[in-house]
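Take a look at the model below. This report covers its nonpolar cores and its salt bridges.

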Amino acid sequence: LWGHGWPEDGARLEDRAVIVERGRCQLGLKALNIQRTGAKLMVVVSREGEPIEPFGATSKTTAKIQLPAIMVNHAAGRELQRLAEEDPEASILLMPV
């Protein structure tokens, strides 16, 4: 999990979903950093014990973001992380409900 700053190996994120923790860094900045790596999706994990919240970004930042993003609760995020560590080539399929 990362999102504040730049990943150590951005090339490995191309065409992938990236799981990031909700932290102090603005989500818009995280999205731009991830978008620059060529990733296809940002999955934001909420803080433990906190509800899922709307994303926030300035209008200037928002205009630059093309990356789809979702937020999941802490437990779901940890499960996604566990599955990704177990099988780094696993896929995420998003289905409307």
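Leu27 is buried, because its relative accessible area is 5% and the cut-off for buried is under 20%. The model is a predicted one. Leu27 sits in helix H1. Setting aside neighbours within four places in sequence, Leu27 contacts Arg22, Met42, Val44, Phe55, Gly56 and Met71. Val44 is 17 residues away along the chain, yet the two C-alpha atoms are separated by 8.5 Å.

Leu27 also belongs to the largest nonpolar core, which has eleven residues. Among them are Leu13, Val18, Ala39 and Leu67. Strand E1 (17-21), helix H1 (27-36) and strand E2 (41-45) each give two or more residues to this core. H1 gives the largest share, three residues. A second, separate core has five residues, including Ile19, Val43, Val45 and Val72. In soluble globular proteins, nonpolar side chains tend to be buried together.

Now for the charged pairs. The whole structure holds six salt bridges.

| Pair | Closest N–O distance |
|---|---|
| Arg78 and Glu21 | 2.7 Å |
| Glu50 and Arg47 | 3.0 Å |
| Arg82 and Glu86 | 2.7 Å |

Arg78 is partly exposed at 27% relative accessible area. Glu21 is partly exposed too, at 36%.

Arg82 and Glu86 are four residues apart in helix H3, so about one helical turn separates them. Arg82 is partly exposed at 37%, whereas Glu86 is exposed at 58%. Shared partners join Glu79, Arg82 and Glu86 into one salt-bridge network.

Methods:
Residues are numbered from 1 along each chain as its sequence is written. This is a predicted model: local features need pLDDT of at least 70, side-chain atom pairs count only at pLDDT 80 or more; totals for chains, interfaces and linings use all residues. Side-chain values use heavy atoms; hydrogens and water are left out. A nonpolar core is a set of buried Ala, Val, Leu, Ile, Met, Phe, Trp, Tyr and Cys residues joined through side-chain atoms within 4.5 Å. Buried means under 20% relative accessible area, exposed over 50%, partly exposed in between (1.4 Å probe, protein chains only). Contact means heavy atoms within 4.5 Å. A salt bridge is a side-chain nitrogen of Lys or Arg within 4 Å of a carboxyl oxygen of Asp or Glu.
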